Amino acid sequence: MIFKRVGVGRPYPEHGLTSREWADLPPRQVRLDDLVTTKDTLQLDTLLDEDSTFYGDLFAHVVHWRGDLYLEDGLHRALRAALQQRSVLHARIHQSVDT
């Protein structure tokens with residue numbers, strides 16, 4: 001299994017982080033098998049597109065909530081890493097406050 005679990009939707013509360021606030025979080029390595037996805041589908045053309053990160057953050061966005069790491073943005077990057085037989089992904093991790 002590539003991921004810890006395949007989820008649908010974001011179970012954590014809305015965090016409201018802007019792109020700039022995400023960029024302020026330092027990237028770190030995360031094991032793919034520790035991640036829970038928030039999407040269960042992807043666009044294959046985006047996965048295969050060499051320039052898919054050109055306009056976005058180079059790092060995946062992960063939300064840590066209730067002991068799990070949720071892959072909010074970066075599913076395509078994570079799958080590309082898995083296809084290249086890498087077990088880790090560089091991501092920015094936001095610690096969500098439980099409400």
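Me: How many aromatic pairs does a search of the whole structure find?
Reply: The search finds two. The model is a predicted one.

Me: Why is the pair of Y12 and Y70 called tilted?
Reply: The ring planes of Y12 and Y70 stand at 50°. Planes under 30 degrees apart would count as stacked and over 60 as edge-to-face, with the rest tilted. The value of 50° belongs to the rest, so the pair is tilted.

Me: What makes Y12 and Y70 a pair at all?
Reply: Their ring centres are 5.6 Å apart. Rings pair if the centres lie within 6.5 Å, so Y12 and Y70 qualify.

Me: Which parts does the pair of Y12 and Y70 tie together?
Reply: Y12 lies in the loop between β1 (5-6) and α1 (19-24), and Y70 lies in strand β5. The pair therefore ties together parts that are 58 residues apart in sequence. Both Y12 and Y70 are buried.

Me: How do you know that W65 and Y70 pair, and what is the pair called?
Reply: The ring centres of W65 and Y70 are 6.4 Å apart, and the cut-off is 6.5 Å, so the two rings pair. Their planes are at 50°, so this pair is tilted. W65 is buried, as is Y70.

Me: Which residues do the ring pairs link into a cluster?
Reply: The cluster consists of Y12, W65 and Y70.

Me: Why is T38 called buried?
Reply: T38 has a relative accessible area of 8%. Buried means under 20%, so T38 is buried. Its place is in the loop between β3 (35-37) and α2 (44-48). Leaving aside neighbours within four places in sequence, T38 is in contact with residues including Y12, Y70 and L71.

Me: What lies 3.0 Å from a polar atom of the side chain of T38?
Reply: The backbone oxygen of L71 does.

Me: What makes β4 and strand β5 (residues 68-73) paired strands?
Reply: Five bridges join β4 to β5, and the two run antiparallel. At least two bridges are needed, so the strands pair. In this pairing V63 stands opposite Y70. The hairpin of β4 and β5 has two residues between the strands, and R66 takes a positive phi near 50° there.

Me: In which sense do β4 and strand β6 (residues 88-95) pair?
Reply: They pair in the parallel sense, over five bridges. V62 stands opposite I93 in β6.

Me: What makes strand β4 (residues 60-65) mostly covered?
Reply: Five of its six residues are buried.

How values were computed:
Residues are numbered from 1 along each chain as its sequence is written. This is a predicted model: local features need pLDDT of at least 70, side-chain atom pairs count only at pLDDT 80 or more; totals for chains, interfaces and linings use all residues. Side-chain values use heavy atoms; hydrogens and water are left out. Buried means under 20% relative accessible area, exposed over 50%, partly exposed in between (1.4 Å probe, protein chains only). Helices (H or I, at least four residues) and strands (E, at least two) are DSSP runs, numbered from the N terminus. A polar contact is a pair of N or O atoms within 3.5 Å; within protein, one must be able to donate a hydrogen and the other to accept it, and residues adjacent in sequence count only if both atoms are side-chain atoms. Contact means heavy atoms within 4.5 Å. Rings of Phe, Tyr and Trp (its six-membered ring) pair if their centres lie within 6.5 Å; planes under 30 degrees apart count as stacked, over 60 as edge-to-face and the rest as tilted.
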